[in-house]
Amino acid sequence: MLVLGLVACGGGSGSKVVGTPTPPDDTRPFPAFARADFVVAALTGELVAFTLEGDTATEIGRLKLVETDEGYTFGEPLWFLDRDHLVVRGGSETAYWIVTPAGAAPLTAPSDETFASIPRPTNPDPEGEVWEVERGHGGRPVRRGAELYWEHCGWGYAADGFQCEAAGWVRMWPLDPAQRVLTREDLPPVPVTSAKVWVDGLPAFTVSNDASGLPTCMPPKGDPIVLSPVTEYGDTGGDRHWFANGAVLVEFGDFGLDDFVVSSFSVYPSCGADPLFSGLQYQLFRDGLWVANEVIPGALSDSGDLATVSRLRRQLQPLVDLPENRGVAIRPAP
C-alpha cells in the first residue's frame with residue numbers, strides 16, 4: 001500500500017539516458033502531458049493523461065511505453081519529481097522513463113559494477129564472532145525532492161537475511177554522466193516544502209484497537225463494536241483517515257518485518273453502520289483527492305479474487321473510474 005503526499009520543488013533539466021547518450025529519436029512525444037492534471041500507469045503499458053476541471057475528469061491522451069507482457073513492473077514507482085518531470089518504471093527492474101513536456105526519454109539504472117569502489121566494511125567486533133560480508137546486487141530508486149537517485153547496497157551481512165552495511169548512491173536525474181558514487185554524507189539534504197498534502201477532517205466518533213488489535217468503534221450507547229475487514233488476509237487495525245462529513249476510512253492488515261502491511265480498508269459513515277464501500281489499496285493526495293482500488297460488491301475476478309475498480313474521489317464524491325493500473329500520480333500545484 002502506498003500513501004503519498006505530493007511535493008512541489010524545483011527540478012533539473014536534460015533528457016538523456018544515464019551512462020550512455022540517448023539518440024534524439026528515443027524520445028517519444030507525449031503532448032498531452034503538458035496539460036495533464038494527473039497521470040495513470042495503465043496495465044496496458046500506457047501512460048494515460050487526464051485533466052481535472054472542478055470535479056470533472058477527462059482523458060486527453062495516451063503514450064505506449066512498454067508491451068503488456070512487461071507490465072508487471074510498469075508504473076511502480078510513478079513519481080512527479082516536480083510539475084514538469086515525471087518518473088515511471090518501465091519493462092524491467094532497471095528500466096525507467098523520465099517524462100517532460102518535451103516527451104518521454106529512457107533512463108537506465110547504473111550497473112552493479114558502477115558501485116565496485118564501495119569499500120568492504122571491516123568486522124565491527126574484531127575480537128568476537130567473524131561475520132562474513134557479501135556483495136550486494138540490484139538496487140532501488142530513491143526520490144530526494146526533485147532529484148532521482150539509484151541506491152545500491154555494496155556490502156552486507158548474510159546473517160538473518162541480507163543486512164546492508166555499506167551503500168552508495170548515483171544520481172539518475174538530473175543526469176550525472178560521470179556516475180559518481182555518493183556516500184550518505186555526500187547526499188544533498190531533501191528540500192523542505194510547504195506543498196499541500198492530504199488533511200484529515202475532524203473525528204466524528206471514537207475508533208481504536210482493542211487488546212487483540214481488532215479495530216473497534218464506540219457508539220453513543222452500548223458496548224464497543226468490532227469492525228470487520230473485507231478480506232481474510234488481515235484483521236488488525238491500522239491507520240484511520242477522516243473525511244469532511246465525519247465518515248472514516250479504517251485500514252485492516254498485519255504487522256510485517258518493518259511496518260504495518262495493509263490488506264484492505266473500509267469507509268464507515270458512523271459507528272455500527274455498514275461500510276459505504278471497501279477496497280484493497282488507496283493513495284491520498286491533496287485537495288481532498290484520493291484513489292482506491294474499490295471492491296465491486298458481489299463480483300469476482302477471473303482468478304476468483306475480489307473484483308475491484310480503480311476510482312478517483314474528492315472526499316467521498318466519486319469523480320471518475322480509471323483504467324486498470326499500477327499507479328496514479330497527481331501533478332503538484334504551481
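Predicted model: local features only at pLDDT ≥ 70, side-chain atom pairs only at ≥ 80, totals over all residues.
I looked up the strand order and found an open sheet of three strands, β12-β13-β14, with antiparallel pairing. I then checked which strands stand at the edges: they are β12 (206-209) and β14 (225-226). Each of these has a single partner strand, so one side of each has no neighbour in the sheet. For background, I note that strands of a sheet pair through backbone hydrogen bonds, either parallel or antiparallel.

Entry 2, the β13 and β14 pair. I looked at how strand β13 (residues 215-218) is joined to β14 and found two bridges, with the strands running antiparallel. For Thr 216 I looked up the bridge partner in β14, and it is Val 226.

I placed Thr 236 in strand β15, which covers residues 236-242. Is Thr 236 buried or exposed? Its relative accessible area is 14%, and because buried means under 20%, I logged Thr 236 as buried. I listed its contacts, leaving out residues up to four places away in sequence. Thr 236 touches Gly 213, Pro 215, Glu 251, Phe 252, Gly 253, Asp 254, Phe 255 and Phe 260.

I looked up which residues make the nonpolar surface patch of about 240 Å², and they are Val 230, Leu 300 and Leu 306. Leu 300 has 59% relative accessibility; the cut-off for exposed is over 50%, so I logged Leu 300 as exposed.

Terms used
Residues numbered from 1 in each chain as written. Heavy atoms only, no water. Patch = residues over 30% accessible without salt bridge, like charges linked within 9 Å, V, L, I, M, F, W, Y side chains within 5 Å. Areas by Shrake-Rupley, 256 points an atom, 1.4 Å probe, with all protein chains shown as cover. Salt bridge = Lys/Arg side-chain N within 4 Å of Asp/Glu carboxyl O. Buried < 20%, exposed > 50% of the residue type's maximum accessible area, 1.4 Å probe, protein only. Pairing = 2+ DSSP bridges. Helix = DSSP H or I, 4+ residues; strand = E, 2+ residues; numbered from the N terminus. Contact = heavy atoms within 4.5 Å.
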